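Biologist: Hi! Could you walk me through this model, one topic at a time?

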Amino acid sequence: MAEKGHFLSKSTFIRGVQCLKSLYLNKHRPFLRDRLSPEQLAKFRRGHEVGKLAWQLFPGGINCAPGHPSQYAAALEKTRKLIADETSVLYEAAFSHHGVLVLLDILVKNEQGWHAFEVKSSASISETYITDAALQYHVISGTGLNLNSFHIIHLNPDFVRDGIPDVHKLFSIQEVTDRLRELESFIVAQIGKSRETLSLKHSPSIPTGQHCFKPYPCDFIGHCWKKTAKDSVYNLTGIPFETRARLATAGHLTIPEIPAGLLEENDAVILSSHLSGKDIADKTGIRKIIDGSAAPVFVAFLIVRPAIPVIDGFRPFGPMVVGLSWSDFQGNEESFIVEPGENPVIQIRNKLGQLASESGMIVHAGGKWVGEALSQHYPDLTEKYIFTDLEEIFLSGYFYRPGLVPDAGISNIAAFLNLTGPDQINISQVMAGVKYMEAKAENRAQTLRELSDALYAEMTSCRSVYYFLKSIINNET
């Protein structure tokens, strides 16, 4: 267990499973890496916070985590001594076997033996999590420690907050030992591939594709995709990425190369739009969503999705409306954000109900998170009034312009259609929620002002797109 140095860790192993070229670049060309987005950094913080909270399932343990990469050897030795002393609970126990280092979230010793627990800040278990756990099982077993069982801890999707969360109800624990044993030969083979790749003089030749984005967006996309041709099949933005990847795998790398009749009807229309350079404008489809005599109220929603619910009545990752920006048919404009820590449901209900009753129709954007929040917490309003999500028009393919990304969000869509200026504020829905949840007392007022400005900008984008689409069905373009 006290090996010196390592060439592979949990994160780099999973990177190599996804793409060996990414593994090579991470080791030998790290300066080519894309800068981590604020959203990705927020996910890392969330994972750390959820992991620390899960320690309460097995309280009183000793933390073995190294404070710095230079302290890995000390962490390995500390773990070895505590295991030799049969310490009952260890956090971030360090293990190394044949140059592979892992840090296990929780290690428990009881009368049945040693039990491993890995914590994930999600509401389910993915195949990637199983692969991650299989590597840990391989390494820990390789050190000579006989694991009686291996479990994955994740957030319980059925948990509903009612007072201070009980961690035993908040988390679900699932044993996966047998599944990990089945992956032993794969793990050994993949470690060998990783070792061989890292010893190469040049990065392996691996074409871009779907693996660049799944299971995680690679941080070398900027490098690997910079020479993508303008007529690349991947620029068929109106059809699912999986379809584009399948075409590329079949050898159809550019848009003009795609054989006629190969695509399904809707995707064929998108291809035709790219080849002709002309917009798709299905007036009948657009009318299904926005046609009506009512003068709408335009609303932008500020949504948060905390992994650990902070308000009673919410589940893990349950979308919660905490702010609105609106413009009514009389030209009145305003924004409202609930103070962090307060229950937003009643305040948002009162304001949203008032706005809806004025015209009977709310036009908004925001996709599934907004729809889910409205249906779960304001069903009385959605049943009584009309709530129209403009993004459905683009996601349904009723309007498309070559290069438009249908799920990019209303602000990006408005910018692509040249409906907003270059100085338009644009904060992603995820980042807006992160800023709200992480607002501190010393910067809260400034943060809420920034979010209010961003909400207003999204509302104006929504309004601009609405009138753009109305002009199409009214034959004004």
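Modeller: Happy to! Let's start with a term: buried means under 20% relative accessible area, exposed means over 50%, and partly exposed is in between (1.4 Å probe, protein chains only). This is a predicted model, where local features need pLDDT of at least 70 and side-chain atom pairs count only at pLDDT 80 or more, while totals for chains, interfaces and linings use all residues. Residues are numbered from 1 along each chain as its sequence is written, and side-chain values use heavy atoms, with hydrogens and water left out.

Biologist: Thanks! Is Glu-242 buried, exposed or partly exposed?

Modeller: Glu-242 is partly exposed, because its relative accessible area is 33%. Its side chain meets that of Lys-214 in a salt bridge (2.6 Å, N to O). A salt bridge here is a side-chain nitrogen of Lys or Arg within 4 Å of a carboxyl oxygen of Asp or Glu.

Biologist: And where do Glu-242 and Lys-214 lie?

Modeller: Glu-242 is in helix H10 (residues 241–249) and Lys-214 is in the loop between H8 and H9, so the pair ties together parts that are 28 residues apart in sequence. Helices are DSSP runs (H or I, at least four residues), numbered from the N terminus.

Biologist: How many salt bridges are there by this rule?

Modeller: The count comes to 16. Another of these salt bridges joins the side chains of Asp-219 and Arg-15 (2.8 Å, N to O). Asp-219 sits in the loop between helix H8 (184–198) and helix H9 (221–224), and Arg-15 in helix H1 (residues 10–18), so this pair ties together parts that are 204 residues apart in sequence.

Biologist: Is Asp-219 buried or exposed?

Modeller: Asp-219 counts as buried, because its relative accessibility is 13%.

Biologist: New topic! What about the largest nonpolar core?

Modeller: That core has 82 residues, and those with the most contacts inside it are Leu-390, Ile-393, Phe-394, Phe-399 and Leu-469. A nonpolar core is a set of buried Ala, Val, Leu, Ile, Met, Phe, Trp, Tyr and Cys residues joined through side-chain atoms within 4.5 Å.

Biologist: Which helix gives the largest share of this core?

Modeller: Helix H19 (residues 444–473), with eleven residues. Apart from this core lies another, of 34 residues, including Trp-114 and Leu-147.

Biologist: Last one: is Leu-41 buried or partly exposed?

Modeller: Leu-41 is partly exposed, because its relative accessible area is 36%. Leu-41 has its place in helix H3 (residues 38–54).

Notes: Helix = DSSP H or I, 4+ residues; strand = E, 2+ residues; numbered from the N terminus.
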